[in-house]
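Me: Hi! I am new to reading protein structures, and I would like to go through one feature at a time. Could you walk me through this one?

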Amino acid sequence: MARIKKGDQVIVIAGKDKGKTGRVLEVIKDTDRVVVEGVQRVTKHVKVGQSAQGARTGGIETVEAPIHISNVMPIDPQTKKRTRVGFRVEEGVRPNGRKRTVRVRYAKASGKDL
């Protein structure tokens, strides 16, 4: 189970964007990278072309580039500070009566679920 998932609120702890916060837009498991909203913005030159909706305008666009997953940490929902992630195993029962175990992520600082 991943420590950081899509939709998590994270803070950047290293690099040129250190201290910035944002929501995770995408997790790329192959290269251990995440795309964070408003972080690691780079300029991209786009050629004028045609798309399915019609003519696409060209020019220079800014897009979010991936950042390594080790350079971000989740934000604790209670203290609003960065925190480490722990896992706890919870027992449950499925609708058909069978047992089910689930790993739940929680913030180690406050103990709240992420």
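Reply: Happy to: we will go through the domains, then their interface, then the strands. Keep in mind that this is a predicted model.

Me: Into which domains is the chain divided?

Reply: There are two parts to look for: domain 1 covers residues 1–75, and domain 2 covers 77–113. Taken over C-alpha atoms, the centres of domain 1 and domain 2 are 27 Å apart. Where the two touch, domain 1 contributes eleven residues and domain 2 contributes ten residues.

Me: What area is buried between domain 1 and domain 2?

Reply: Here is the general idea. Interface size is often expressed as the accessible area that is lost when the parts come together. In this structure, about 980 Å² is buried between domain 1 and domain 2. Carbon and sulfur atoms give 60% of that area.

Me: How many salt bridges cross the interface of domain 1 and domain 2?

Reply: Again, the general idea comes before the case. Side chains of opposite charge can pair when their charged atoms come close. The rule finds one salt bridge across this interface. A salt bridge of 2.8 Å, N to O, joins the side chains of Arg-105 and Asp-8. The structure as a whole holds five salt bridges. Arg-105 lies in strand β11 (residues 99–107), while Asp-8 sits in the segment before β1, so you can trace a link between distant parts of the chain, 97 residues apart.

Me: What else is found between domain 1 and domain 2?

Reply: Four residue pairs are in polar contact between the two domains, counting pairs with both residues at pLDDT 80 or more. On the side of domain 1 that touches domain 2, the classes are eight nonpolar, no polar and three charged residues.

Me: Now the strands, please. In what order do the five strands of the open sheet come?

Reply: In general, strands of a sheet pair through backbone hydrogen bonds, and the pairing is either parallel or antiparallel. Here the order is β8-β3-β2-β1-β9, with antiparallel pairing. At the edges are β8 (67–68) and β9, each of which pairs on one side only.

Me: Which strands does β1 join by bridges?

Reply: Strand β1 (residues 9–12) runs antiparallel to β2 (residues 21–28), and three bridges join them. Look for Gln-9 opposite Arg-23 in β2. Three bridges also join β1 to β9 (residues 72–74), again antiparallel. There, Ile-11 has Met-73 as its bridge partner.

Me: How many residues lie between β10 and β11 in their hairpin?

Reply: Five residues lie between them, and Gly-97 in the turn has a positive phi of about 95°. Strand β10 (residues 85–93) pairs with β11 in the antiparallel sense over nine bridges. Val-89 stands opposite Arg-103 in β11, and Glu-91 has Thr-101 as its bridge partner.

Technical notes
Residues are numbered from 1 along each chain as its sequence is written. This is a predicted model: local features need pLDDT of at least 70, side-chain atom pairs count only at pLDDT 80 or more; totals for chains, interfaces and linings use all residues. Side-chain values use heavy atoms; hydrogens and water are left out. Domain bounds come from an automatic or database domain assignment. Contact means heavy atoms within 4.5 Å. Buried area is the accessible area (1.4 Å probe) that two parts lose on being put together, summed over both. A salt bridge is a side-chain nitrogen of Lys or Arg within 4 Å of a carboxyl oxygen of Asp or Glu. A polar contact is a pair of N or O atoms within 3.5 Å; within protein, one must be able to donate a hydrogen and the other to accept it, and residues adjacent in sequence count only if both atoms are side-chain atoms. Ala, Val, Leu, Ile, Met, Phe, Trp, Tyr, Cys and Pro count as nonpolar, Asp, Glu, Lys and Arg as charged, and the others, Gly among them, as polar. Two strands pair if DSSP finds at least two bridges between them. Helices (H or I, at least four residues) and strands (E, at least two) are DSSP runs, numbered from the N terminus.
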